[in-house]
Amino acid sequence: QVQVVESGGGLVQPGESLRLSCVASGSIRSILSMGWYRQALGKQRELVAAVTTVTSVDNTYYADSVKGRFTISRDNAANTTYLQMNNLKPEDTAVYYCNVGYQGGPSLGSWGRGTQVTVSS
């Protein structure tokens, strides 16, 4: 069993920052990827940022809408990924979900329950 838990969401004003955390726990031998998705009201879930660790070299991905503002990072020893979100915009308002892909796990990874981010003045 693998558990994925997000934290760090909240209500902020435009231009402010938030740092989301995602901790994976349980029977994990090797994490292959960790990523952040978001789903806004009335919209489909979209990939925001991800880091793939199939080798010793991490590869990162960012959606065009967040490039230059968001940064994904990992603490391998703690099975944790972070999403630093700077200069937040109202369009960033969504539930943010963490996805963890690991060896022997589901093809689409394991999901957290999400954390709400609301950007409003």
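Start with Cys-98: this residue is buried, at a relative accessible area of 0%. Buried here means under 20% relative accessible area, with a 1.4 Å probe and protein chains only. Cys-22 is buried as well, also at 0% relative accessibility.

A word on the source. This is a predicted model, so local features need pLDDT of at least 70, side-chain atom pairs count only at pLDDT 80 or more, and totals for chains, interfaces and linings use all residues. Residues are numbered from 1 along each chain as its sequence is written, and side-chain values use heavy atoms, with hydrogens and water left out.

Now the disulfide, meaning two cysteine sulfur atoms within 2.5 Å. The structure holds 1. Cys-22 and Cys-98 form it, with sulfurs 2.0 Å apart. Cys-22 sits in strand E3, residues 18-26, and Cys-98 in strand E9, residues 94-102. Strands are DSSP runs of E, at least two residues, numbered from the N terminus. The link is left-handed, with -80° about the S-S bond.

Next, the core. A nonpolar core is a set of buried Ala, Val, Leu, Ile, Met, Phe, Trp, Tyr and Cys residues joined through side-chain atoms within 4.5 Å. The largest has 29 residues. Which members touch the most others? Trp-36, Phe-70, Leu-83, Met-85, Tyr-96 and Val-100. E9 gives the most to this core, 5 residues.

Last, Val-100. Leaving out residues up to four places away in sequence, Val-100 touches Cys-22, Val-4 and Met-34, among others. Contact means heavy atoms within 4.5 Å.

Terms used. Helix = DSSP H or I, 4+ residues; strand = E, 2+ residues; numbered from the N terminus. Buried < 20%, exposed > 50% of the residue type's maximum accessible area, 1.4 Å probe, protein only.
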